[in-house]
Amino acid sequence: MENNGKRKLKVCVATCNRADYSKLAPIMFGMKANPDVFELEVVVLGSHLIDDYGNTFRMIEQDEFDIGSKLHTIVRGEDEAAMVESVGLALVKLPDVLQRLKPDVLIVHGDRFDALALATAAALMNIRILHLEGGEVSGTIDDSIRHAISKLAHYHACCTRRAESHLIAMCEDHSRILLAGCPSYDKLLAAHKRDDYADIIKAWLGDGVKEQDYIVALQHPVTTDIKNSIKIYELMLDALISFNKRTLILFPNIDAGSKEMVRVMRKKGIEQHPNFQAVKHVPFEQFIQLVSHAGCMIGNSSCGVREAGAFGTPVINLGTRQTGRETGENVLHVRGADTHNKIYHALELQFGKRYPCSKIYGDGNAVPRILKFLQSINLEEPLQKTFCFPAVKDCISQDIDHILETQSALAVDLGGTNLRVAIVSMKVPSSFKDNASSQIQCQGKIVKKYSQSNPKTYEERIDLILKMCKEAFIDAVHLNCRVLGVGVSTGGRVNPQDGVVLHSTKLIQEWSSVDIRTPISNALHLPVWVDNDGNCAALAERKFGHGKGVENFVTIITGTGIGGGIVQHNELIHGSTFCAAELGHIMVSLDGPECMCGSRGCIEAYASGIALQREAKRLNDEDQLFTEGMALKKEEPVSAVHLINAARLGNPKADAVLRTAGTALGVGIVNILHMVNPAMVILSGVLASFYENPVRQIINQRALSSARDIQVMSSELEEPALLGAASMVLDYATRRTY
């Protein structure tokens with residue numbers, strides 16, 4: 001930095017506890033690196049100087065900062081009165097220090113009661129105040145303290161655009177607000193990928209603890225509702241004990257109620273429990289590693305809703321302390337944490353997941369912006385503030401109590417022609433919210449759909465799938481859809497256990513022995529399910545269509561090819577080599593037309609869209625297709641549609657082809673009825689309504705009398721492949737009832 005002939009700016013940084021030092025330290029290092037521009041003074045007070053909280057002033061000394069003043073300002077008692085007395089004691093001691101230092105600017109962070117004392121003293125002594133992280137909303141008394149400090153401060157360095165909007169709505173001068181990002185992100189984004197993270201995990205949690213197989217817990221008291229926050233803390237400990245995973249638990253801060261929380265911890269024997277490592281303080285650089293590689297973080301620390309998002313670490317936020325905070329997709333709120341089971345279920349949902357990294361709170365360049373902002377301060381300007389009155393937008397976030405209303409899946413449908421992706425949500429009608437059977441009433445809703453031509457090569461296809469999924473994932477956040485996983489429907493023979501396409505249809509090139517699950521899961525950090533398109537159609541019917549509540553049924557897809565799925569005893573049948581329900585390849589003739597599978601006389605060779613198109617072309621070549629009232633547009637290819645229209649207009653040749661196709665399909669279905677005896681047959685696909693009556697007639701003519709009353713229905717689902725792919729995700733995620 002250049003000073004341009006100006007005198008040094010004398011900046012006092014006052015730090016009260018381990019949390020605010022992690023935000024202030026990067027700025028302090030930045031000023032220390034520019035001694036020609038800044039004169040740094042450091043004041044330490046609050047819990048930094050208390051042995052029970054780790055004497056964390058020592059880490060400031062280890063960072064080689066000269067501490068100009070140490071003020072013992074904490075009145076012990078850890079209750080409301082002690083907090084008030086601590087503020088008063090700080091106000092008694094601070095004037096002498098500030099009078100001696102005479103800083104140009106005092107930097108104050110956050111929303112602690114110690115910081116309120118600092119801001120009050122500086123404002124009354126006409127010292128300019130730069131407030132970090134103002135404008136945020138988190139609930140509890142912290143909000144009131146934070147906003148009070150903002151009103152006392154002359155300059156603001158905030159972390160998010162919403163915080164900036166809140167400060168403007170609080171009448172702060174826009175020209176004195178810097179959207180900087182969080183200073184701690186400068187350090188954590190650069191440092192969290194250290195090679196020695198395994199050694200750090202071992203040092204704090206012991207041998208044998210693997211990455212993403214432990215929990216970090218950090219819960220503080222809520223001073224406006226101490227009794228309830230202690231209850232939540234006890235329930236959290238019970239849930240963690242039951243969950244039976246190695247856990248690093250940090251002691252709470254010094255707020256009122258912390259003594260009772262420590263008493264609860266010791267009553268439950270947490271410090272001696274083999275699954276727990278209870279600590280008072282972890283150096284920030286090491287804490288970054290522990291959070292970034294954890295299987296989950298739980299509690300109500302702002303670190304969970306802020307810093308953890310930068311790593312994609314799953315977080316469970318308990319209670320109201322962070323209500324209103326902006327969060328990434330990694331945070332699951334359990335505001336009404338009134339039962340052990342609710343917290344335990346949240347652990348089951350979150351533990352071991354990975355989410356896209358979020359940079360809501362910063363991009364790693366906050367410190368240069370703040371230092372430049374400090375240099376721009378005109379010390380000749382009057383201290384008096386000016387005000388304005390803009391509006392502010394509401395904050396929207398997610399709560400576990402509403403998870404059934406917003407849970408969603410990304411569905412991928414790989415067809416011979418098109419590649420489609422959709423955001424599919426599970427919506428509970430409001431009239432069923434309090435009904436124990438509300439899951440039965442759920443409907444699949446396609447929130448947004450994307451479509452592209454299916455590329456011809458493997459590499460292009462995978463790249464396009466990932467691109468479309470990432471686009472959908474980003475849109476899902478804005479649409480308030482919580483994406484729980486990805487379901488893929490594809491043609492061919494699929495091993496759903498491994499997520500591998502074993503053999504593809506001829507319509508999809510370079511698509512055999514392909515692992516679909518791994519690249520998608522690695523790119524999106526989400527679980528991925530894969531199955532054959534026919535099976536997906538059956539799953540769609542089971543969850544959203546005619547098959548809902550039916551124990552045994554068969555779905556048959558009538559489209560470009562013929563496929564299907566069999567559900568027996570509410571379970572999808574895959575077979576020993578994953579080729580069960582290849583219904584299109586049931587042979588109905590020994591010497592029929594050649595099928596794409598290489599055999600002859602299959603249902604698909606008679607009744608599929610390709611088969612009908614083949615017959616339409618044959619009749620057209622023989623000038624026997626088009627009848628009066630029909631015409632072929634220029635360069636329009638002959639298709640199955642022309643064959644069906646010709647039959648409807650009385651063309652006997654076309655009608656004979658369709659009757660043969662309907663008979664073949666009907667005979668095949670009769671064979672299915674005699675083999676698996678379903679309660680229902682559901683016809684799906686573009687030709688379903690056309691085949692429904694012919695199939696019923698063949699069943700009445702050729703099926704055993706005991707099978708003739710089977711229901712035959714056309715599907716009412718518009719997108720069975722996409723809904724079926726989504727149902728694989730939603731079935732897994734909604735298996736539990738809350």
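Which residues form a negative surface patch? In this predicted model, in which local features need pLDDT of at least 70, side-chain atom pairs count only at pLDDT 80 or more, and totals for chains, interfaces and linings use all residues, the patch is formed by Asp79, Glu80, Glu85 and Glu260. Residues are numbered from 1 along each chain as its sequence is written, and side-chain values use heavy atoms, with hydrogens and water left out. Patches are made of residues with over 30% relative accessible area and no salt bridge, like charges being joined within 9 Å and nonpolar side chains (Val, Leu, Ile, Met, Phe, Trp, Tyr) within 5 Å. Lys and Arg count as positive and Asp and Glu as negative, while His and the chain ends are not counted; the place of a charge is taken as NZ of Lys, CZ of Arg, CG of Asp or CD of Glu. Accessible areas come from the Shrake-Rupley method with a 1.4 Å probe, and for residues only the protein chains shown count as cover. Asp79 is in the loop between strand S3 (67–71) and helix H3 (80–101), and with a relative accessible area of 33% Asp79 is partly exposed, where buried means under 20% relative accessible area, exposed over 50%, and partly exposed in between (1.4 Å probe, protein chains only).

The protein as a whole contains 24 helices and 26 strands, these being DSSP runs numbered from the N terminus (helices H or I, at least four residues; strands E, at least two). Its C-alpha trace spans about 105 × 60 × 50 Å along the principal axes, and 57% of the 738 residues count as buried.

Side chains of opposite charge can pair when their charged atoms come close. The structure holds 30 salt bridges, each defined as a side-chain nitrogen of Lys or Arg within 4 Å of a carboxyl oxygen of Asp or Glu. One of these joins Asp104 to Arg7, with the closest N and O atoms 2.9 Å apart. This pair links distant parts of the chain, since Asp104 lies in the loop between H3 and strand S4 (105–109) and Arg7 in the segment before strand S1 (9–15), 97 residues apart.

Arg112 and Asp255 meet through their side chains in a salt bridge of 2.5 Å, N to O. Because Arg112 lies in the loop between S4 and helix H4 (113–124) and Asp255 in the loop between strand S9 (246–250) and helix H10 (258–267), this pair ties together parts that are 143 residues apart in sequence. Both Arg112 and Asp255 are buried. In a further salt bridge, the closest N and O atoms of Asp213 and Lys245 are 3.0 Å apart. Asp213 lies in the loop between helix H8 (197–205) and strand S8 (214–218) and Lys245 in the loop between helix H9 (226–243) and S9, so parts that are 32 residues apart in sequence are tied together. Asp213 is partly exposed, with a relative accessible area of 30%, and Lys245 is partly exposed as well, at 24%. Lys245 is also 14 Å from Leu349 in space, C-alpha to C-alpha, and 104 residues from Leu349 in sequence; Leu349 lies in helix H13 (residues 340–350) and is buried, with a relative accessible area of 11%. Elsewhere, a network of salt bridges links Lys23, Glu133, Glu136, Arg306 and Glu307.

Two annotations come from the UniProt record, whose positions are given in the numbering used here, with feature names shortened, and whose annotations may be inferred rather than shown by experiment. The annotation "binding site" (unreviewed entry) covers His585, Cys595, Cys597 and Cys602. These residues span 18 residues in sequence, yet no two of their C-alpha atoms are more than 8.8 Å apart, so they gather at one spot. Cys597 lies in the loop between strand S24 (571–572) and helix H19 (603–607) and is partly exposed, with a relative accessible area of 43%. The feature "active site" (unreviewed entry) is placed by UniProt at Asp533, a residue in helix H18 (residues 533–544) that is partly exposed at 27%.
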